[in-house]
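I opened a structure today and kept notes on what I looked up. The entries follow in the order I made them.

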Amino acid sequence: MIQLRSFLFNIWFFGATALLLIASLPCHFMDRRGVHFIARVWTKTVVWGLKHICRLEHRLVGRVDLLGGPALIACKHQSAWDTLIFYALCSDPTYVMKKELLSIPLYGWHAQKQKMIPVDRKGGGAALKRMLTMAQEAIAEGRQIVIFPQGTRTPVRSDAKDWPYHPGVMALYSKLDLPCVPIALNSGLFWGRRTFAKKPGLITVEVLDAIPAGLKRAEFMRELETRIETATKRLEEGHALADDAK
């Protein structure tokens, strides 16, 4: 049944995505907010499909108040689900993303219009400077910058030693001089890394206490990793205990 529901969801997901991408093309002649509106509609459409087709829902807990206004958000990354859900959780998010994604037809155009923050890993100092400039502009507009500090989707119950936290988040934290909001989640238990199946259940997204601005690099990176990894393991283990109790 999970495989069938996942198959039906994929039809829903790719069909809705294609239709909304095409329907939103006129928005490119309008303000960025037009494309942002389409992105929010797309997210709600995907979330509806997950709930009604796969029986997969989510909940937001913790310091939810920290997601309003300008913010630097560092989130655990276990699933493709993580890359879309912030349009439902935040008012005006922008993602730090690989530059290569901008080359995808239609999607790349939308990302540029929405002023996503591309990372050119081979661009050296000039690319880093551009990333930081775009981040400052986003904060000045009151937006929420979302970065996945490990740089890729990681398996559930994985060790941070095998999937290290990259220094890009430190560059943003230092340049923006803002508190950093860590987020833990357990989305990979339900929509896993490079897996077809979407399992029924309840994804938990936990907004942790902000790390204050001004910490030195080693202290900040250690604190960020410790908070996210500790909370993520707790969410994963809590789900496992709930399953065992059934």
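Before anything else I wrote down a cut-off: a residue counts as buried when its relative accessible area is under 20%, and as exposed when that value is over 50%. I also noted that this is a predicted model.

Entry on two rings. I looked up F9 and F13 and found both of them buried. They form a tilted aromatic pair, with 5.9 Å from centre to centre and 35° between the planes.

Entry on a second partner. F9 also pairs with W191, this time edge-to-face, at 5.8 Å centre to centre and 80° between the planes. F9 belongs to helix α1 and W191 to the loop between β6 and β7, so this pair ties together parts 182 residues apart in sequence. For F9 I read a relative accessible area of 0%, which means buried. W191 has 8%, so W191 counts as buried too.

Entry on the cluster. I found that F9, F13, F14, W42 and W191 make up one aromatic cluster. In the whole structure there are nine aromatic pairs.

Entry on helix α1. This helix runs over residues 2-23, 22 residues in total. From first C-alpha to last I noted 31 Å, close to the 32 Å expected at 1.5 Å a residue. Which residues of α1 are buried? The list is R5, S6, F9, N10, F13, A16, T17, L20 and L21. They cover an arc of only 155° around the axis, so they are on the same side of α1. F14, L19, I22 and A23, on the other side, are exposed. The cover over the buried residues includes α2 (32-54) and α4 (107-113).

Entry on backbone angles. I kept in mind that most residues other than glycine have a negative phi. R157 has a phi near 55°, a positive value, and is not glycine. R157 sits in the loop between β5 (144-147) and α6 (168-176). Its relative accessibility is 52%, so R157 counts as exposed. R194 is not a glycine either, yet its phi is positive at about 60°. I located R194 in the loop between β6 (180-185) and β7 (201-207). R194 has a relative accessible area of 68%, which means exposed.

Last entry. K198 lies over the face of F196, 5.4 Å from the ring centre.

Notes
Residues numbered from 1 in each chain as written. Predicted model: local features only at pLDDT ≥ 70, side-chain atom pairs only at ≥ 80, totals over all residues. Heavy atoms only, no water. Helix = DSSP H or I, 4+ residues; strand = E, 2+ residues; numbered from the N terminus. Expected span 1.5 Å × (residues − 1). Buried < 20%, exposed > 50% of the residue type's maximum accessible area, 1.4 Å probe, protein only. Arc of directions from axis to C-beta. Contact = heavy atoms within 4.5 Å. Phe/Tyr/Trp six-rings, centres within 6.5 Å; stacked < 30°, edge-to-face > 60°. Lys NZ or Arg CZ within 6 Å of the ring centre and 35° of its normal.
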